[in-house]
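Please look over the model below before reading on.

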Amino acid sequence: YGVQTFLQVAAQPEVMQVTVKDWPDMLERGVVEGFYGNNWSQTDRIRQFQFYGRNKMTVYIYGPKDDPYHRYRWRENYPTAEANKMKELVAEAHKNKVNFVWAVHPGIDIKWNKTDSLNVIKKLEFMYGLGVRAVAVFFDDISGEGAKADKQAELLNYIDEQFVKVKKDVTPLIMCPTEYNKSWSNVKGGYLTTLGTKLNPSIHIMWTGDRVIADMYEGDTEKGGMKWINNLIQRPAYVWWNFPVSDYVRDHLLMGPVYGNDLHIANLMSGFVTNPMEHAESSLLAIYGVASYAWNPDQYDSDKAWKDAMKAVLPSAAKELEIFATHNSDL
């Protein structure tokens, strides 16, 4: 990352003698491919990883809703051709110093029994064989049996103890809860507090904010914000920020500046990942902004980061890109 910072400085028109003293305020910074719609292509993802590496992002979470082996057919292994593509992606991510997190989404039809617990482990073992060293379990956008907090906690702790801790080289488990934002949470029902008290402390819990699409702020333990959720789950939330994702407005491109998040809450998050558009290249402007925000939020300047992103994404036509992005910005 020091090298990347130096290269950014050295690219300026005139560089005097410099000393680089730089460090991130958030340890986990990156992207979750978690949208509905067309999945990114192999080329899209490889180009993304290279961009993340240049901009000092640490994590990519694979969880596209329309991958059947992630969701509807989660018990089945990828066919050989698809498995080989996944192996290539994992290697490319690691080459760019990006931790490739593969997510399984079993809640849609999971049976709370030993057989399905083992099915999850078997699937994760298969992914481990493809080079994956980080895993997540998603329970978002489901209802019924799969949404029971105590059962989810039991399964996640089982995965943590029988897979993550056994492997030694697998990073802490990440989970996306069913109640992943405040507006959908039933505090009296005890879902979030059950996760907080029963989940192993090392397991990260994702959170999108007060709503599905919301900005993060400090808040308090009574009304909302980061302190509200952290108090319930008894750990800093792992933020899943739903921008510039556009699966709810697929006729729009959301290419405006990254703004709205509190600049002084890095200590209240265990990670910050952006959920982008199905249009990989058009998402790069926002991803650049998130990389800048998550590295040093105290000094983050949204307008400057947005204009810097133009030069980083399309240096040969940065001004033209800015005109295009200006007209494909906020709703």
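Is Arg-75 buried, partly exposed or exposed? Arg-75 is partly exposed, because its relative accessible area is 31%, where buried means under 20% relative accessible area, exposed means over 50%, and partly exposed is in between, computed with a 1.4 Å probe and protein chains only. The model is predicted, and local features need pLDDT of at least 70, side-chain atom pairs count only at pLDDT 80 or more, and totals for chains, interfaces and linings use all residues. Residues are numbered from 1 along each chain as its sequence is written, and side-chain values use heavy atoms, with hydrogens and water left out.

Side chains of opposite charge can pair when their charged atoms come close. With a salt bridge taken as a side-chain nitrogen of Lys or Arg within 4 Å of a carboxyl oxygen of Asp or Glu, the count comes to 16. One of them joins Asp-116 to Arg-75, with 2.9 Å between the closest N and O atoms. This pair links distant parts of the chain, since Asp-116 is in helix H4 (residues 114-129) while Arg-75 is in the loop between S2 and H3, 41 residues apart; helices (H or I, at least four residues) and strands (E, at least two) are DSSP runs, numbered from the N terminus. Asp-116 is buried, with a relative accessible area of 4%. Through shared partners, salt bridges join Arg-75, Asp-109 and Asp-116 into one network.

Another salt bridge is formed by Lys-65 and Asp-140, whose closest N and O atoms are 2.8 Å apart. Lys-65 lies in the loop between S2 and H3 and Asp-140 in the loop between strand S4 (135-138) and helix H5 (149-167), so the pair ties together parts that are 75 residues apart in sequence. Lys-65 counts as buried at 2% relative accessibility, and Asp-140 counts as buried at 3%. The loop between strand S2 (59-62) and helix H3 (80-95) also holds Gly-63, which counts as buried because its relative accessibility is 0%.

A further salt bridge connects Asp-22 and Lys-56, with the closest N and O atoms 3.3 Å apart. Asp-22 is in the loop between H1 and strand S1 (29-33) and Lys-56 in the loop between H2 and S2, so this pair ties together parts 34 residues apart in sequence. Asp-22 is partly exposed, with a relative accessible area of 37%, whereas Lys-56 is buried, with a relative accessible area of 6%.

Lys-56 also draws attention in the backbone, where it has a positive phi of about 60° although it is not a glycine. Gln-234, in the loop between helix H7 (226-233) and S7, likewise has a positive phi, near 60°, and counts as exposed because its relative accessibility is 52%. A cis peptide bond, with omega of about 5°, joins Phe-243 and Pro-244, and Pro-244 is placed in the loop between strand S7 (237-241) and strand S8 (269-274).

On a 1 Å grid over the protein atoms alone, a pocket is an open set of points with protein on both sides within 12 Å along at least five of seven lines, a cavity is a set of points where a 1.4 Å probe fits but cannot get out, and lining residues have an atom within 4 Å of a point. Grid points are joined across faces, edges and corners, and a volume is the space filled by probe spheres set on the points. The second largest pocket has a volume of about 270 Å³, and among its 15 lining residues Ile-213, Asp-215, Phe-243, Tyr-259 and Asp-330 lie nearest its centre. The largest pocket holds about 1,000 Å³ of space, and of its 28 lining residues the closest to its centre are Gln-8, Gln-12, Tyr-288, Lys-304 and Asp-308. H1, helix H2 (42-54), helix H8 (284-295) and helix H9 (302-313) each supply at least two residues of that lining.

The structure holds one cavity of 30 Å³ or more, and residues including Trp-207, Asp-215 and Met-226 line the largest cavity.

At the surface, Val-3 is found in helix H1 (residues 2-10) and counts as exposed because its relative accessibility is 57%.
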